[in-house]
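Biologist: I am new to this one. Please show me the structure, then walk me through it.

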Protein chains: 2
Amino acid sequence: MTAETPRAQQGAALREHTLDSEMVFRGSFLNISRDLVRLPNGAQAQREYIRHSGAVMIVPLLDNGNVLLERQFRTPMQRVMIEFPAGKLDAGESWLICAQRELREETGYSAQEWAYIGPINNAISYSDEVIHLAFARGLVPGPQALEDNEFLEVFEAAPQQALDWVRTGQITDVKTVIGSFWLEKLLQGTWNFDWQRVPA
Amino acid sequence: MTAETPRAQQGAALREHTLDSEMVFRGSFLNISRDLVRLPNGAQAQREYIRHSGAVMIVPLLDNGNVLLERQFRTPMQRVMIEFPAGKLDAGESWLICAQRELREETGYSAQEWAYIGPINNAISYSDEVIHLAFARGLVPGPQALEDNEFLEVFEAAPQQALDWVRTGQITDVKTVIGSFWLEKLLQGTWNFDWQRVPA
């Protein structure tokens with residue numbers, strides 16, 4: 001148990017130093033680095049982790065008060081998951097460009113206003129993935145444009161329904177759990193959302 | 001956009017069927033499967049994902065109202081992260097045995113009461129990991145017993161502080177974000193927690 005220390009010094013005794021890094025697996029979807037690191041006690045250790053380009057998740061708020069959700073079969077889980085729309089960043093892409101594209105492709109909707117929430121990290125021991133969270137409102141419908149071999153169902157639910165599904169375990173996807181909790185904060189008006197008008 | 005359908009039929013049109021599965025990478029820490037799957041339209045696709053043994057996270061509630069948190073350097077993020085105590089399940093291990101062991105090893109504390117929250121899935125497109133969430137109270141201090149080459153700092157914070165760190169982006173680790181939101185539900189008394197007395 002350590003006492004609180006000034007923020008700049010916090011964790012200084014925990015820091016590892018990278019001595020070497022090599023890509024040990026290049027798959028069609030996953031890439032894995034293996035780093036050799038020097039630990040705080042001077043010992044060396046290996047660290048393996050996924051190199052990920054990052055992702056964006058969108059909580060889309062309809063004018064009728066509902067949110068858009070999706071059902072998608074996820075191979076690692078071997079079941080259909082309930083999720084907010086999301087997608088991977090292309091190299092160098094901003095969260096907004098990615099979010100606009102994924103929302104349009106997966107649901108057909110464009111949004112007139114966006115609020116950026118911030119990044120979350122979903123597998124900090126074995127992936128460098130960052131998922132940027134954003135809210136979208138002022139939704140305008142349009143044609144869905146799924147990629148080849150992409151299969152998902154879009155549906156509406158009340159915010160309270162999403163939160164109930166978190167409570168009862170029907171939503172277990174972490175980004176969607178966190179989006180549901182932020183959604184409650186938005187509706188309660190207790191946390192600030194910085195809405196920006198954005199050309200569609 | 002689909003209308004609501006009975007739960008048993010939901011997502012039936014989204015289901016993939018596994019045709020073949022092979023382990024394409026066996027590292028010292030990560031194992032990767034590559035599956036050949038048949039998509040709903042009859043086409044075939046490859047899916048790569050990590051095979052993970054699962055994990056447990058504990059929100060430890062001290063009698064003084066604070067929670068225990070940890071600072072730990074995470075190689076993929078290249079920075080020190082704020083986290084609730086957590087660890088990987090051994091093969092066949094129950095969430096409770098794992099949670100008791102990890103809490104004791106990382107913080108020194110044993111707990112007299114446990115509440116199981118449920119599973120979350122943190123990387124559903126590329127890992128089959130399940131993280132079991134649990135709360136612990138009635139904490140009794142003891143000696144910390146970190147593994148060789150394990151470095152972390154344990155500290156106390158008020159629940160409101162943890163939630164503020166979620167809001168301001170100083171907590172970005174998904175399991176810790178979700179634990180902080182559940183912690184607020186516990187303190188508000190709005191969600192049910194099923195506390196069980198457990199021999200330490």
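Modeller: Start with a term we will need. Two residues are in contact if their C-beta atoms, placed from the backbone, lie within 7 Å. Keep in mind that this is a predicted model.

Biologist: What do the buried residues of α2(B) pack against?

Modeller: Take the helix first. Helix α2 of chain B covers residues 159-168, and its buried residues are B:A162, B:L163 and B:V166. The partners of these buried residues lie in chain B: β5, β10 and α3.

Biologist: Why are the buried residues of α2(B) on the same side of the helix?

Modeller: Look again at B:A162, B:L163 and B:V166, the buried residues of α2(B). They sit on the same side of α2(B) because they cover an arc around the axis of only 95 degrees.

Biologist: Now chain A. Which residues of its helix α2 are buried?

Modeller: Helix α2 of chain A spans residues 159-168. Its cover includes β5 (67-74), β10 (153-157) and α3 (174-188) of chain A. The buried residues of α2(A) are A:A162, A:L163 and A:V166.

Biologist: How many helices and strands does chain A have?

Modeller: Read the chain along its sequence. The pattern is β-β-β-β-β-β-β-α-β-β-β-α-α-β. That gives chain A three helices and 11 strands.

Biologist: What share of chain A is buried?

Modeller: A residue counts as buried if 20 or more other C-beta atoms lie within 10 Å of its own. Chain A has 200 residues. The buried share is 36%.

Biologist: Which element gives the most to the side of chain B that touches chain A?

Modeller: The contact takes 61 residues from chain B and 61 residues from chain A. Several elements of chain B each supply at least two residues, among them β1 (17-26), β8 (110-120) and α3 (174-188). By class, this side of chain B has 32 nonpolar, 16 polar and 13 charged residues. With five residues, the element that gives the most is β3(B).

Technical notes:
Residues are numbered from 1 along each chain as its sequence is written. Chains are lettered from A and ligands numbered from 1 in the order in which they are written. This is a predicted model: local features need pLDDT of at least 70, side-chain atom pairs count only at pLDDT 80 or more; totals for chains, interfaces and linings use all residues. Helices (H or I, at least four residues) and strands (E, at least two) are DSSP runs, numbered from the N terminus. Ala, Val, Leu, Ile, Met, Phe, Trp, Tyr, Cys and Pro count as nonpolar, Asp, Glu, Lys and Arg as charged, and the others, Gly among them, as polar. A residue is buried if 20 or more other C-beta atoms lie within 10 Å of its own, exposed if 12 or fewer, and partly exposed in between; C-beta atoms are placed from the backbone. The arc is that of the directions from the helix axis to the C-beta atoms.
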